[in-house]
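Hi,

Here is the structure for you to look over. My notes follow below it.

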Amino acid sequence: MVSFGGGFGFFGNIVRPEILMGYTEQPAGGGEGDFYGFSAQFKLNARMYRLRLGDRVSAYPSLGTGFTFFPNASQVVSSAFLAQELDLDHVIGQTIVTFYFEESLYFVQTAEGNLLFQLAIGLRLQPFKKESL
């Protein structure tokens with residue numbers, strides 16, 4: 001799955017709602033599965049604690065929830081996730097760059113069961129704020 005989107009940070013960038021658009025390849029050989037093609041997702045992230053690793057580097061555990069709409073399946077799928085984020089301040093001018101690893105559980109009825117696991121690796125840019133938490 002490939003996705004991109006945007007969002008805002010509130011309460012000192014602790015709470016971050018995001019809207020994302022994504023694309024998932026159809027299973028190989030046209031196999032089973034309704035959750036492929038384009039999708040739209042709303043996510044709500046909450047940072048839990050800041051761990052300073054230097055003057056310009058901070059790590060955060062983050063948790064949240066998401067709702068993904070798959071037009072191909074005409075279904076909204078809810079998810080919960082836990083993420084580990086690493087902020088690098090002032091990398092490009094005043095920009096904060098965040099690398100993250102996110103483990104998600106999707107609550108959906110499939111032939112294999114009711115839970116699907118997804119590991120996401122991503123990058124987030126924060127160009128409009130001078131300082132992080």
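**What I found**

In E6, Ala80 is the residue opposite Thr65. The model is predicted, so local features need pLDDT of at least 70 and side-chain atom pairs count only at pLDDT 80 or more, while totals for chains, interfaces and linings use all residues. Residues are numbered from 1 along each chain as its sequence is written, and side-chain values use heavy atoms, with hydrogens and water left out.

**Strands**

The chain has 0 helices and 8 strands. Helices (H or I, at least four residues) and strands (E, at least two) are DSSP runs, numbered from the N terminus. The order from the N terminus is β-β-β-β-β-β-β-β.

Strands count as paired if DSSP finds at least two bridges between them. E5 (residues 57-70) takes part in these pairings:

- E5 and E6 (residues 75-88) run antiparallel, joined by 14 bridges. They form a hairpin with 4 residues between them. Ser74 in that turn has a positive phi of about 50°.
- E3 (residues 37-47) and E5 are antiparallel, with 8 bridges. Ala40 has Phe69 in E5 as its bridge partner.
- E4 (residues 51-52) pairs with E5 over 2 bridges, again in the antiparallel sense. Arg52 stands opposite Ser58 in E5. This hairpin also has 4 residues between its strands, and Gly54 in the turn has a positive phi of about 155°.

**Core**

The largest nonpolar core holds 5 residues: Phe35, Phe70, Val77, Tyr106 and Val108. Such a core is a set of buried Ala, Val, Leu, Ile, Met, Phe, Trp, Tyr and Cys residues joined through side-chain atoms within 4.5 Å. Buried means under 20% relative accessible area, exposed over 50%, partly exposed in between (1.4 Å probe, protein chains only). Of the 133 residues in the chain, 32% are buried.

What does Val77 contact, leaving aside its neighbours within four places in sequence? The residues are Phe35, Gly66, Phe67, Thr68, Phe70, Tyr106, Phe107 and Val108. Contact means heavy atoms within 4.5 Å. Of the contacts in the chain with a separation of 6 or more, 44% are between residues 24 or more positions apart.

**Charges over rings**

Two cases here. Lys43 lies over the face of Phe81, 4.9 Å from the ring centre. Arg124 lies over the face of Tyr100, at 4.6 Å from the ring centre. The criterion is NZ of Lys or CZ of Arg within 6 Å of the ring centre and within 35 degrees of the ring normal.

Best wishes
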